[in-house]
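Good morning, colleagues, and thank you for coming.

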Amino acid sequence: MALIDFKCKECGHEFFEIVNSDDKVLCPKCKSENVERIYKGKFYGKGSCSGGCSTCSGCH
């Protein structure tokens, strides 16, 4: 499961949901399925990595 930010294309409401890859996401304000995933930046920056990830390209 992942915490993902979304924006509704119908009403413009921004929200986040904890979702699985196959979950259907609805806007909590207008109940539309017409939502898009938005990116608000990285969670980890240089120097904050514990070194345990194999997909990181910027902190080592």
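Let me begin with burial: 18% of the 60 residues in the protein chain are buried, where buried means under 20% relative accessible area, exposed means over 50%, and partly exposed lies in between, with a 1.4 Å probe and protein chains only. Please keep in mind that this is a predicted model, in which local features need pLDDT of at least 70 and side-chain atom pairs count only at pLDDT 80 or more, while totals for chains, interfaces and linings use all residues. Residues are numbered from 1 along each chain as its sequence is written, and side-chain values use heavy atoms, with hydrogens and water left out.

The accessible surface of the protein chain is about 5,000 Å², and carbon and sulfur atoms account for 49% of that; the areas come from the Shrake-Rupley method with a 1.4 Å probe, and for residues only the protein chains shown count as cover. As for contacts, meaning heavy atoms within 4.5 Å, consider those in the protein chain between residues at least 6 apart in sequence: 29% of them join residues at least 24 apart.

Now the secondary structure. The protein chain has 3 strands and 0 helices, in the order β-β-β from the N terminus on. These elements are DSSP runs numbered from the N terminus: helices are H or I with at least four residues, and strands are E with at least two.

How are the strands arranged? They form an open sheet of 3 strands in the order β2-β1-β3, with antiparallel pairing; two strands pair if DSSP finds at least two bridges between them. The edge strands, each pairing on one side only, are β2, residues 14-19, and β3, residues 35-38. On average, neighbouring strands of this sheet are turned by 45 degrees against each other, direction ignored. The axes behind that angle are lines fitted to C-alpha atoms, for helices over the stretch in contact, and angles run from 0 to 180 degrees between N-to-C directions.

Let us take the two pairings in turn. β1 and β2 pair in the antiparallel sense over 6 bridges. They form a hairpin with 5 residues between them, and Gly 12 in the turn has a positive phi of about 85 degrees. Phe 6 stands opposite Phe 15 in β2 and opposite Arg 37 in β3. Asp 5 has Ile 38 as its bridge partner in β3.

Which residues does Phe 15 contact, beyond its neighbours within four places in sequence? Phe 15 lies in strand β2 and is buried, at 7% relative accessible area. Its contacts of this kind are Ile 4, Asp 5, Phe 6, Cys 8, Val 25, Leu 26, Cys 27, Pro 28 and Val 35. Between Phe 15 and Ile 4, 11 residues apart along the chain, the C-alpha separation is 8.5 Å.

His 13 sits in the loop between β1 and β2 and is partly exposed, with 28% relative accessibility. Not counting residues up to four places away in sequence, His 13 touches Phe 6, Lys 7, Cys 8, Cys 27, Pro 28 and Lys 29. The C-alpha atoms of His 13 and Pro 28, 15 residues apart along the chain, are separated by 8.5 Å.

Next, the loop between β2 and β3, where Lys 31 is placed. Most residues other than glycine have a negative phi. Lys 31, although not a glycine, has a positive phi of about 70 degrees; Lys 31 is exposed, with a relative accessible area of 56%.

I close with the surface. A search of the whole structure finds 1 salt bridge, defined as a side-chain nitrogen of Lys or Arg within 4 Å of a carboxyl oxygen of Asp or Glu. Glu 33 forms a salt bridge with Lys 24, with the closest N and O atoms 3.8 Å apart, and both residues are exposed.

Finally, Met 1, Leu 3, Phe 16 and Ile 18 make a nonpolar surface patch of about 520 Å². Patches are made of residues with over 30% relative accessible area and no salt bridge: like charges are joined within 9 Å, and nonpolar side chains (Val, Leu, Ile, Met, Phe, Trp, Tyr) within 5 Å. Met 1 belongs to the segment before β1 and is exposed, with a relative accessible area of 79%.
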